[in-house]
Amino acid sequence: MENITLGQIVAIMTFASVLIGAITGLIGFSKSFISKVLNPINEKIDHLEKMSSNSRDNIELELIKIILVNFMNDIERGNNKSSIQKQNAYELYDRYKTLGGNSYVHDSWEKLNKEGKV
């Protein structure tokens, strides 16, 4: 084997130290750069998810409102409903309340409920 001098050991250690420092710096820069690029994208995705969720809830609320209004109009006209239809209406009404529905539908439902029609 060759003789390794102290200068060679220092050169190898210096090279290794510089290489490790460069890699660490590159990783830090990459993380920072990626974070700056991805944060706005993540914020937009979060915003779109919130909008989508609100839109679905609003559509669901409106559909349930239409179904309940038709159901209550049928009852007010004297059309009898089966127990399954009434159970379904109760489930829809509960979902309607959960979604924040509280309007004329609520008042009509309570009136029919007091009269024992639903």
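Biologist: Where is Asn3 found, and is Asn3 buried or exposed?

Modeller: Asn3 is found in the segment before α1. For accessibility, buried means under 20% relative accessible area, exposed means over 50%, and partly exposed lies in between, with a 1.4 Å probe and protein chains only. Asn3 counts as exposed because its relative accessibility is 68%. The C-alpha atoms of Asn3 and Asn54 are separated by 75 Å, and these residues are 51 residues apart along the chain.

Biologist: What should I know about the model itself?

Modeller: This is a predicted model, in which local features need pLDDT of at least 70 and side-chain atom pairs count only at pLDDT 80 or more, while totals for chains, interfaces and linings use all residues. Residues are numbered from 1 along each chain as its sequence is written, and side-chain values use heavy atoms, with hydrogens and water left out. The term pLDDT is the predictor's confidence in each residue, from 0 to 100. Here the protein chain averages a pLDDT of 90, and 99% of the residues score at least 70. Among the elements of the chain, α2 has the highest mean pLDDT (95) and α1 the lowest (90).

Biologist: At what angle do α1 and α2 pack?

Modeller: Axes are lines fitted to C-alpha atoms, for helices over the stretch in contact, and angles run from 0 to 180 degrees between N-to-C directions. The angle between α1 and α2 is about 145°, and their axes are 10 Å apart. Contact means heavy atoms within 4.5 Å. On the α1 side the contact includes Leu61, Ile64 and Phe71, and on the α2 side it includes Ala89, Leu92 and Tyr96. For residue classes, Ala, Val, Leu, Ile, Met, Phe, Trp, Tyr, Cys and Pro count as nonpolar, Asp, Glu, Lys and Arg as charged, and the others, Gly among them, as polar. The contact of α1 with α2 has nine nonpolar, one polar and five charged residues.

Biologist: How do the axes of α1 and α3 cross?

Modeller: The axes of α1 and α3, residues 104-114, come within 11 Å and cross at roughly 35°. Residues of α1 including Lys65, Phe71 and Met72 meet residues of α3 including Tyr104, Val105 and Trp109. By class, the contact of α1 with α3 divides into nine nonpolar, one polar and three charged residues.

Biologist: Why is Phe71 classed as buried, and which residues is Phe71 in contact with?

Modeller: Phe71 lies in helix α1 and is classed as buried because its relative accessible area is 9%. Leaving aside neighbours within four places in sequence, Phe71 is in contact with Lys81, Gln85, Lys86, Ala89, Trp109 and Val118. Phe71 and Ala89 are 18 residues apart in sequence, yet 7.6 Å apart in space, C-alpha to C-alpha.

Biologist: Which side chain does Lys81 join in a polar contact?

Modeller: A polar contact is a pair of N or O atoms within 3.5 Å; within protein, one must be able to donate a hydrogen and the other to accept it, and residues adjacent in sequence count only if both atoms are side-chain atoms. Lys81 is found in the loop between α1 (6-76) and α2 (83-98). The side chains of Lys81 and Asp74 are joined by a polar contact of 2.8 Å.

Conventions: Helices (H or I, at least four residues) and strands (E, at least two) are DSSP runs, numbered from the N terminus.
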